[in-house]
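User: I would like to learn how to read strands, helices and their contacts in a protein model. Can we go through one together?

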Amino acid sequence: GDYVWLDSGTGVPIGARVKESEKGKLQLVDDEGKVHKVGTKEQAALRPMHPTSVAGVEDMIRLGDLTEAGLLRNLLVRHREGSIYTYTGSILVAVNPYKVLPIYTAEQVHTYTDRRLGELPPHVFAIADSCFFNMRRSHKNQCCVISGESGAGKTESAKLMLQYLAAVSGQRSWIEQQILEANPILEAFGNAKTIRNDNSSRFGKYIDINFNTQGAIEGARIEQYLLEKSRVCRQAPEERNYHIFYYMLVGMTPQQKTKLSLGNAGDYNYLTMGKCTTCEGRDDLTEYTHFLSALKILMFSDSDSWEISRLLAAVLHLGNVEFEGTSADNLEGCDIIESTHFNMAAKLMEVNAKVLEKSLTQRSFQTNRERVITSLNSEQAQDGRDAFVKAIYGRLFIWVVDKINAAVFKPLPEDSEEVHQCIGLLDIFGFENFVKNSFEQLCINFANEQLQQFFVRHVFKLEQDEYSREGVVWTHIEYNDNQRTLDVLASKPLNILALIDEESSFPKGTDRTMMQKVNKQHGKGDVYMAPKNDHEKQFGIRHFAGVVFYDSQGFLEKNRDVLSADVIELVETSTNQLLKQAFKTDLAPGAPRGGGNARMTMTTPKNSLRLGPDGKKRSPTLIGQFRKSLEALMKALAACQPDFIRCIKPNDLKQPEFFDRDLCMRQLRYSGMMETIKIPRQASPSATPSQSSWSASACC
């Protein structure tokens, strides 16, 4: 009946129960149900398990076995009994249950309202309540950073936080309903089924909720980060495009589909790249109904809704346009193969079909003397078409977010003496490491490095400094500081992101020349791992969460993110008002125009527009835009009192009641959870969430 720690062979002991003891031998059953027979000699290696690890505890600071194995088993035990939430001081660890739980009712909201953290069992509502009442008590803006891998449950945690804040502000007003209904719209355009998650957010968002002095919600503002535009044209096996396309095709009436000349999802190249058009567990028809309802609540008119559908249909038709290679005077070119898809795309975008054909099959360049027109081969034309489609979808997404903000954001009058108090919720892409990682994953993981440092500095550096000031006796804790990785990626002169940007500014710059410069500058360090030879395209980065290898192919093209001048001129001729609104920044007088071959200056966060020798502004690089918005985000977080929710994915199969020890251990390690526990334990061995000075300062 005793519980012991047994060597698992993986470096982290596993819990086991003594089932039988006879003739000096023990028969053990481990936490995974495997039977072990242990002889007299091997028994010396067994360690008795502390009672707190047998039954599990609500706050891991109280664990007697303060080891990786102790943390892991505590989450396992609680996961098996249906308790998905666990505290680490004032930090909430949330394990995705992969099923609906009846613990988010109005009764639960009432139960957790105005209660001290740790007074009740761990819950996401307790963190939301802590944010709300700390804001009201201290009059300081709050934020909650929700982190974890893709599929760990970040988006659901953010939605539950929002649900609680809307309920506890007590107004039951229209603005609260509008803020809640923004989610179905954002998820339709920005979420997709991936191999790891049926509702994966393919963008980051920061929702800043504004309260008046009485604690009532007055409005909100949404910032979006780095939508994965490449998904519109390409999906990995067993993955889907964005939800909205599938919603439309099952939810529209036959008459609407006829007007847009739409069929089924299987008819479109852009929806079948991953050979997956359905998503088990998601009802696209029900979601489409909810989506349309949310549009009305957020003040999108029927005309807006229809124009969005027309533009999305144009995207699908463009994806089915095919090109046929031609040759004349030893020069390659291409023609568009006549099809209803091409004609329909032109009709929906309200552009002349001949002008559309020219913009897709030719490129024009302005030299000092004349305008030069060159023909594209079929591969180049496909790439140009895809770039146009990504631009349409990316700009449409921004237009949708702006439209939502126009409905829910209520700025104070300039002469107002009242000040808004705010709670910010950050739901941003988790650390990613796929079989093939590209430019998007480098940007995403750079963002995660920044957020990890924010967490590390708040929990470790600030708290240890506070103990020193207060004269608390403690031992300095070594923690995993990722500053060196950030130095190599973005901070030091000639960092990797700066070198990618610099090479993007050269017309003849290629992925290969970029890699040569990066290898020369960083090849001898231990953060960057250079390719094995000059022909290899993969390089590695030692991130806080482990080594990730990136395929450099396509880096410069994605970073330049430049549309040809021909495409911009095409949009200018359109009579489709939504298309022109979406591209209004590109169409503005003096706006940067793509397609030129001018030398451009290096982009930095403070200089996101590049200049040509003629003094004209050029489009900002994707890295430049992203670093600028990330810098603003980190400043916003630093100005708030933060809370943290660490989301854990229990398995890669999206299965309820299945806990993969190795996967969870890896996530615990790079979350810094082990070091997190040591700080309050060293200050006060019997610390609890309500007693620990660390917990109090972290949540109040």
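Analyst: We will take the sheets, then the helix pairs, then the salt bridges.

User: What should I know before we start?

Analyst: This is a predicted model: local features need pLDDT of at least 70, side-chain atom pairs count only at pLDDT 80 or more, and totals for chains, interfaces and linings use all residues. Residues are numbered from 1 along each chain as its sequence is written, and side-chain values use heavy atoms, with hydrogens and water left out.

User: What do labels with H and E stand for, and when do two strands pair?

Analyst: Helices (H or I, at least four residues) and strands (E, at least two) are DSSP runs, numbered from the N terminus. Two strands pair if DSSP finds at least two bridges between them. Take strand E1 (residues 3-6) and strand E2 (residues 14-22): they pair in the antiparallel sense over 4 bridges. Tyrosine 3 has arginine 17 in E2 as its bridge partner.

User: Which strand pairs with E2 over 6 bridges?

Analyst: Strand E3 (residues 25-30) does, again in the antiparallel sense. Here glutamate 20 stands opposite glutamine 27 in E3. E2 and E3 form a hairpin with 2 residues between them. In that turn, lysine 23 has a positive phi of about 50°.

User: Where is there another hairpin with 2 residues between the strands?

Analyst: Look at E13 and E14. Strand E13 (residues 323-328) pairs with strand E14 (residues 331-336) over 6 bridges, antiparallel. Glutamate 324 has aspartate 335 in E14 as its bridge partner. Aspartate 329 takes a positive phi near 55° in this hairpin.

User: How many strands form the sheet that starts with E6 in the order E6-E7-E23-E8-E17-E11-E12?

Analyst: That open sheet has 7 strands, with mixed pairing. Strand E6 (85-88) and strand E12 (217-225) each have a single partner strand, so one side of each is left without a neighbour in the sheet. The twist averages 20° from one strand to the next. Isoleucine 207 has isoleucine 222 in E12 as its bridge partner.

User: Which strands form the open sheet of 3 strands?

Analyst: The order is E18-E19-E20, and the pairing is antiparallel. Strand E18 (528-529) and strand E20 (546-551) stand at the edges, so one side of each is left without a neighbour in the sheet. E18 is joined to strand E19 (residues 538-543) by 2 bridges. Tyrosine 528 has isoleucine 541 in E19 as its bridge partner.

User: How do I read the angle between two helices?

Analyst: Axes are lines fitted to C-alpha atoms, for helices over the stretch in contact, and angles run from 0 to 180 degrees between N-to-C directions. Contact means heavy atoms within 4.5 Å. Angles under 35 degrees count as roughly parallel, over 145 as roughly antiparallel, 65 to 115 as roughly perpendicular and the rest as oblique. Helix H4 (residues 124-138) and helix H5 (residues 154-168) have axes that come within 9 Å and cross at roughly 55°. H4 and H5 are therefore oblique to each other. Their contact includes Phe125 and Phe132 of H4 and Leu160 and Tyr164 of H5. By class, this contact has 11 nonpolar, 2 polar and 1 charged residues. Ala, Val, Leu, Ile, Met, Phe, Trp, Tyr, Cys and Pro count as nonpolar, Asp, Glu, Lys and Arg as charged, and the others, Gly among them, as polar.

User: At what angle do H5 and H6 pack?

Analyst: The angle is about 165°, with their axes 9 Å apart. H5 and H6 are therefore roughly antiparallel to each other. Among the residues that meet are Leu162 and Ala166 in H5, and Ile179 and Leu180 in H6. This contact divides into 4 nonpolar, 3 polar and 3 charged residues. Helix H6 (residues 174-190) also lies across E11 and E12, running at about 20° to E12.

User: At what angle do H7 and H10 cross?

Analyst: The axes of helix H7 (residues 243-251) and helix H10 (residues 284-297) cross at roughly 100° and come within 8 Å. That makes H7 roughly perpendicular to H10.

User: What about salt bridges?

Analyst: Side chains of opposite charge can pair when their charged atoms come close. A salt bridge is a side-chain nitrogen of Lys or Arg within 4 Å of a carboxyl oxygen of Asp or Glu. By this rule, the count comes to 33. In one of them, arginine 669 pairs with glutamate 68, with the closest N and O atoms 3.0 Å apart. This pair links distant parts of the chain: helix H24 (residues 661-671) holds arginine 669, helix H2 (residues 68-80) holds glutamate 68, and the two residues are 601 residues apart.
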